[in-house]
Amino acid sequence: MTRSEPLFESLPRRNLRDEAAAQLRGQIIAGSLTPGVIYSMSTIAAQLGVSATPVREAVLELAKEELVEMVQNRGFRVRVATGKDLDDIVEIRLTLEVPAMGRLADLRPVPELEKLRPMAEELVEHAANGDMVAFVVLDSEFHLSLTALLGNPRYVELVRVLRNQTRLSALPKLRGGTPLVESAREHVRLLDLIAAGDRPGAEALMTTHVNHARGLWAGRPEDDGRTAPDVR
């Protein structure tokens, strides 16, 4: 992406802080904003088509999530995440998100499950079209909505924080490619496995899916032999 190209699409005139935070978060997680580079609030605000106030509020929110750090009188920069940071985050995500899918599969039928299918199918479209920020934002919404079906908001909040701290640095290189589309299709397969009550299948697929964060989506080998701990 060159400096002349806009980072974001213009935002709707509602919930501007939340929309700005979602766009910025998506760019950071997808690796489109370069760690260490200082970004001006006014520049980002102009690209979003809003005033600097909602952007500043959004950046402060992201700073609390440890995604960015403020640079006095200059703007903000994306925090640098190490490979160990990513491994640590994914390790915890596996202990939370994998058994959650198993518990959902045990519910049968899962209330509201089919309402998430259009979202899963839209993720495949975003992956095929190369809409990376839209993909990242919707991916988070899908997984949080799915986890919310367990009825435990604290569980959802833990997953949200960890997913927001996950960096997918190689994602832009996968834009529109078959590997990204195939990983997007895992969302549809996951719904099928949960609906069928297949706990082992749902947990195995979720293990593979979460491990993409430190494999395929991070430009690292996929098969590292790591699986989720058995916490049942």
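Which residues in H5 meet which residues in H8? I listed Arg117, Ala120, Glu121, Leu123, Val124, Ala127 and Ala128 on the H5 side. On the H8 side I listed Leu180, Val181, Ala184, Arg185, His187, Val188, Leu191 and Asp192. I note here that the model is a predicted one.

I sorted the residues of this contact by type and got 10 nonpolar, one polar and four charged.

Next I looked at the geometry of the pair. H5 covers residues 117-129 and H8 covers residues 178-195. Their axes come within 8 Å and cross at roughly 170°. Angles over 145 degrees count as roughly antiparallel, so H5 is roughly antiparallel to H8.

I then checked the length of H5. It has 13 residues, and at 1.5 Å a residue these should span 18 Å. The end C-alpha atoms of H5 are 19 Å apart, which agrees with that span.

Which residues of H5 are buried? I found Arg117, Met119, Ala120, Leu123, Val124, His126 and Ala127. I also looked up what the buried residues of H5 pack against, and the partners are H6 and H8.

Just after H5 I stopped at Gly130, which takes a positive phi of about 75°.

From there I went on to H6, residues 132-148, where Phe135 lies. Is Phe135 buried or exposed? Its relative accessibility is 1%, and the cut-off for buried is under 20%, so Phe135 counts as buried. I also took the separation between the C-alpha atoms of Phe135 and Val124, which is 8.5 Å. The two residues are 11 apart along the chain. Val124 is itself on my list of buried residues in H5.

Last, I looked at the strands. E1 (residues 38-39) and E3 (residues 75-78) pair in the antiparallel sense over two bridges. Ile38 stands opposite Arg77 in E3.

How many bridges join E2 to E3? I counted four, with E2 (residues 68-71) running antiparallel to E3. In this pairing I noted Met70, which stands opposite Phe76 in E3. The hairpin of E2 and E3 has three residues between the strands, and Asn73 takes a positive phi near 65° there.

Key:
Residues numbered from 1 in each chain as written. Predicted model: local features only at pLDDT ≥ 70, side-chain atom pairs only at ≥ 80, totals over all residues. Heavy atoms only, no water. Buried < 20%, exposed > 50% of the residue type's maximum accessible area, 1.4 Å probe, protein only. Axes fitted to C-alpha atoms, helices over the stretch in contact; angles between N-to-C directions. Parallel < 35°, antiparallel > 145°, perpendicular 65-115°, else oblique. Contact = heavy atoms within 4.5 Å. Nonpolar A, V, L, I, M, F, W, Y, C, P; charged D, E, K, R; others polar. Expected span 1.5 Å × (residues − 1). Pairing = 2+ DSSP bridges.
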